[in-house]
Amino acid sequence: GISDEDGVNQSILVSGESGAGKTETVKILMAHVALMSAGEDPTVIRRILESNPMLESFGNAKTVRNDNSSRFGKFTELQFSPQHRLVGSMSRTYLLEKSRVVSQNPGERNYHIFHQLLSSGPDLLQQLRLEAVTAGEQLAYVMHHDPTQLIEGKSDAERLHLTSSALELIAFGPSERLGLFRLVASALLLGQLSFEALDGDEERSQVSERSRLAPLGDLLGVEPEALEKATCERTMRARDEVYAVPLKASDASLATGSLAKELYARVFDFLVHRINESTSAAASSVHRTIALLDIFGFEFFKVNSFEQLCINYANEKLQQKFTHDVFKSVQEEYTRECIPWESIAFKDNSETLALIEARMGVISVLTEECRRPKGSDESFVSKLGTLHGKHPDFSQPKLHAKTQFTIHHYAGAVPYTVTGFLEKNKDHLPADLVETLGAASNPLIAKLFAENGQAGAAEAAAPTGRRGSMVSAETVSTKFKNQLGQLMGTISATSVQYVRCIKPNAVKSKDVFTMGMAVEQLRCAGVIEAIRISRAGFPHKLRHSEFLSKFRPLLLRLVESAAPSPDEGQAAEGPISSPTSPGRKQTAHYREQALCKRLLAAAALSSGDSGYELGLTRVYFKFGILEELEGLRASVCTAMATCLQRNMRRSRAQRRYLAMQRASVRVAAFSRMFVQLAKFRQCKTSVTLLQAQSRRRTARVLVHDRRRFVRAASIQALVRMRWLRRDFLRSVKAATKLQAWARRVSQMTTFKVLLFEAREEAKMENQLAALKEKFEAEAEERRKMEEKNRALLERLNSGAVDGSTATAGLGENSAIVDRRVLDQSEEMLQLLEKENAKLKEQAVFIHQENARLKRENHHLRNSTDTSEATMKVLSQHAKALAQAHMKLTAAKEGVDDELKRSILKADRLGEELKMKQAMYIAEVNARIEDRAVIDAMLDIAAAFPGCPEELKQRLYEQSLRAGQTGMVEDDAGLRQSGNNFRRMSVMFGRFFE
């Protein structure tokens with residue numbers, strides 16, 4: 001459940017050695033809880049589950065004991081709503097191993113994220129300014145990088161993809177992810193800075209390769225000169241004076257390492273903060289929490305430093321909590337429940353904790369030594385030997401008494417080498433570096449160092465003579481001690497469950513199990529002692545109500561009355577009095593207690609009364625007793641189940657019998673029904689045959705009569721068809737002649753125009769031919785004159801003719817030719833003027849004809865619009881007619897039955913009536929067509945000027961006569977009018993022929 005029976009939050013403490021599987025256990029627990037209590041928003045669940053692998057990338061590393069060792073402690077609170085749905089989580093981290101950023105032991109690696117970035121593609125490496133890695137350059141902070149190495153079956157490149165996906169899931173955009181990776185890469189590039197003496201002065205230093213400052217400054221957003229100055233100099237203030245103190249090359253290198261460690265630690269804290277922002281729920285929606293503690297296990301290496309001391313101190317606190325919960329709380333509970341039992345001695349680590357955290361303990365002495373201006377690691381060990389030399393859990397080796405001390409933890413004695421203890425405990429970053437990074441152009445760097453930069457500025461402005469005094473500064477050990485105290489307080493306010501992870505072997509193999517190693521871990525974790533205590537006491541317990549609820553079947557079977565009266569209970573067992581109020585009346589609680597005692601007494605357990613104890617609120621059982629009760633309960637439940645099964649089988653068999661009885665009755669009924677149905681069908685078939693014979697005879701008579709009627713009608717139709725066809729052919733012949741004459745009249749005007757044009761064209765062609773002949777004759781005459789003139793010229797040249805005579809002859813000939821040419825030119829001009837006038841008249845006529853066509857086109861368009869409107873009206877009218885037709889059809893269906901009954905009688909009369917009506921209609925239609933033809937003849941005669949007046953008069957009289965006889969309904973009048981029309985048509989045709 002999300003909360004225990006008392007309604008408080010819960011905690012699960014996962015402990016064990018490094019490499020025992022604590023991190024994987026926590027992930028399995030989180031996945032199980034998320035699956036069982038998933039909320040409405042699956043994104044929150046994904047963020048909570050994916051935050052673990054992401055923190056592993058930034059906080060886990062490969063060690064000699066574990067390929068994925070957690071180098072920090074994590075306390076995760078899973079937050080639940082009042083409906084017990086997972087709505088968020090909140091994480092807190094403890095003691096990140098910052099020293100791993102700058103150095104690793106042999107066989108170990110740096111944090112996974114560094115190796116993941118180094119295994120990325122060339123594009124990302126270029127953006128991270130790590131191009132030198134592709135060229136084979138060795139990084140100072142990553143000593144053992146192998147791109148092909150697999151951690152838990154995945155390469156570093158694959159893990160980088162998972163890390164990027166997890167960052168994207170918690171709202172890290174592409175630019176933010178790149179900025180985060182650039183800060184991690186800057187920590188690597190800080191390790192590439194090397195320092196040397198400036199101009200041979202060992203007290204001053206400078207960067208050996210200045211080319212390495214540019215990419216580092218680009219990543220951090222700091223000018224290379226400012227970064228070099230902050231690492232190679234220290235600003236000091238004394239009263240009103242400010243001066244720069246140069247640093248040695250070794251000090252500058254240490255400052256660079258401190259910056260790399262602090263930078264990575266702040267990036268890690270920023271990442272945890274962003275995860276909490278993404279996964280935490282509002283305080284108003286959080287009802288209960290389940291906390292999961294994944295903290296570093298007990299560590300014991302060849303060289304144990306400050307980090308191992310803090311880790312083992314945390315495990316001592318957790319072991320004390322476990323001891324208190326398992327041993328002391330059990331003793332207190334037995335005493336509170338008035339259960340008699342013998343106290344069992346167990347190992348208590350309170351003295352070890354007092355050695356570490358007491359007022360003059362290891363942490364206090366270390367902090368005091370860090371505050372001393374000339375404190376050192378050796379003086380720290382000396383003070384510890386002086387203060388705690390006689391402590392049973394403290395010792396010093398004789399060979400390394402100045403640099404080592406040993407603490408006897410609950411898991412064994414661990415020697416600590418104090419080299420670098422004070423520096424790691426101070427973890428002090430020079431204020432110059434903090435101020436420089438606080439003013440960086442990179443917004444993330446400025447945000448991470450802004451708060452500390454302000455604190456450093458205030459410290460620098462203080463009038464004290466010493467810069468960065470550590471009197472009031474909180475050291476790493478005191479900070480961790482306070483955080484651990486808060487953690488234990490949070491855990492103490494919850495209901496705690498423990499998960500002990502056991503490491504099966506030291507070779508990291510899944511197929512090897514070392515028995516001695518596993519037993520030693522169980523002994524160090526206090527599990528064996530807890531088992532011994534549990535077997536010696538009462539390992540099982542149940543509340544009175546739970547015991548009665550669970551063993552109610554046993555109570556009903558063994559006790560005659562499940563709830564005896566108070567008098568019977570008092571007479572049988574006597575009152576069970578409360579130690580605080582012996583004379584009070586029995587309540588429901590005491591009745592439950594009496595029932596529990598009666599049940600246990602009636603159960604007749606094998607161990608008798610010594611196998612259990614009845615407390616004030618709970619029943620306690622020794623080992624094996626509860627199992628015996630479970631066996632009795634199982635036997636009783638089996639008997640009850642057998643009885644229930646027997647009754648259920650009886651009920652099911654009874655239902656089956658009744659169903660079979662009902663089915664047999666239905667089968668008999670169906671059998672009788674089928675016999676009667678066969679008889680009915682046989683009778684029905686006989687009646688149907690008789691009816692068919694009767695209908696056949698009636699139908700034969702009707703068909704015979706119908707055939708006679710149809711044949712007579714066919715003969716009549718053929719006769720009428722011949723008459724009508726003959727009249728129709730005559731009418732067609734007359735109409736054809738009328739149409740031919742009408743077309744001749746209509747084409748007469750067009751023929752005259754065409755004839756006139758043809759004559760004019762022939763006339764023009766004749767004139768042109770005459771002109772052509774005339775031009776040819778003149779040309780011939782002119783040719784002759786030219787020959788004549790040429791002959792005269794030849795004669796003149798030869799001297800046969802006088803010159804004046806020849807000149808006169810030539811002039812006369814030229815004058816005659818010129819006059820003829822002028823005359824012909826004048827005639828041609830006149831002719832062309834006439835043709836031009838004719839062409840103008842034709843152009844005017846064409847223009848007028850074009851205007852007339854335009855007017856007709858406009859008139860046709862208006863007619864089209866009118867036709868469209870008329871079609872719409874007709875369409876609406878057609879719809880109305882369709883609706884009326886539907887109504888008429890419905891009415892017709894109503895009278896169809898009545899018409900069918902009288903149709904046989906009315907068939908003959910109907911056919912005769914139809915014949916007469918058809919004849920009459922045909923004659924009337926013919927008469928109407930004759931009248932229309934006469935009217936057309938009148939129109940043609942009126943339009944034709946040569947038509948005699950006698951013919952017009954006779955046509956007019958015939959038209960009047962047709963109008964009068966058209967209303968006569970007797971056959972004689974119609975036939976007479978038809979004959980008159982035929983005679984008039986013949987006369988009219990002969991006239992026009």
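Visitor: In which strand is Glu 203 found?
Guide: This is a predicted model, in which local features need pLDDT of at least 70, side-chain atom pairs count only at pLDDT 80 or more, and totals for chains, interfaces and linings use all residues. Residues are numbered from 1 along each chain as its sequence is written, and side-chain values use heavy atoms, without hydrogens and water. Helices (H or I, at least four residues) and strands (E, at least two) are DSSP runs numbered from the N terminus. Glu 203 belongs to strand S7.

Visitor: Is Glu 203 buried, partly exposed or exposed?
Guide: Buried means under 20% relative accessible area, exposed over 50%, and partly exposed in between (1.4 Å probe, protein chains only). Glu 203 has a relative accessibility of 44%, so the residue counts as partly exposed.

Visitor: Which residue in S7 stands opposite Leu 198?
Guide: Strand S6 (residues 195–198) and S7 run antiparallel and are joined by four bridges; pairing needs at least two DSSP bridges. The two strands form a hairpin with two residues between them, and Asp 199 in the turn has a positive phi of about 55 degrees. Opposite Leu 198 stands Asp 201.

Visitor: Which residue in S12 stands opposite Ser 395?
Guide: An open sheet of three strands has the order S11-S12-S13, with antiparallel pairing. Its edge strands, S11 (394–395) and S13 (412–417), each pair on one side only. S11 and S12 (residues 404–409) pair over two bridges. Opposite Ser 395 stands Thr 406.

Visitor: How many residues apart are Glu 77 and Arg 92?
Guide: The side chains of Glu 77 and Arg 92 meet in a salt bridge (a Lys or Arg side-chain nitrogen within 4 Å of an Asp or Glu carboxyl oxygen), here 3.8 Å from N to O. Glu 77 sits in strand S4 (residues 73–80) and Arg 92 in strand S5 (residues 86–94), so the pair links distant parts of the chain, with a separation in residues of 15.

Visitor: Is Glu 228 buried or exposed?
Guide: Glu 228 forms a salt bridge with Arg 210, their closest N and O atoms being 2.4 Å apart. Arg 210 lies in the loop between S7 and helix H8 (213–220) and Glu 228 in helix H9 (residues 224–232), so the pair ties together parts 18 residues apart in sequence. Arg 210 is partly exposed at 48% relative accessibility. Glu 228 has a relative accessible area of 11%, so this residue is buried.

Visitor: How many salt bridges does the structure hold?
Guide: One of them joins Lys 424 and Glu 307 at 3.4 Å, N to O. Lys 424 is in helix H15 (residues 421–426) and Glu 307 in helix H11 (residues 306–336), so parts 117 residues apart in sequence are tied together. The number of salt bridges in the structure is 26.
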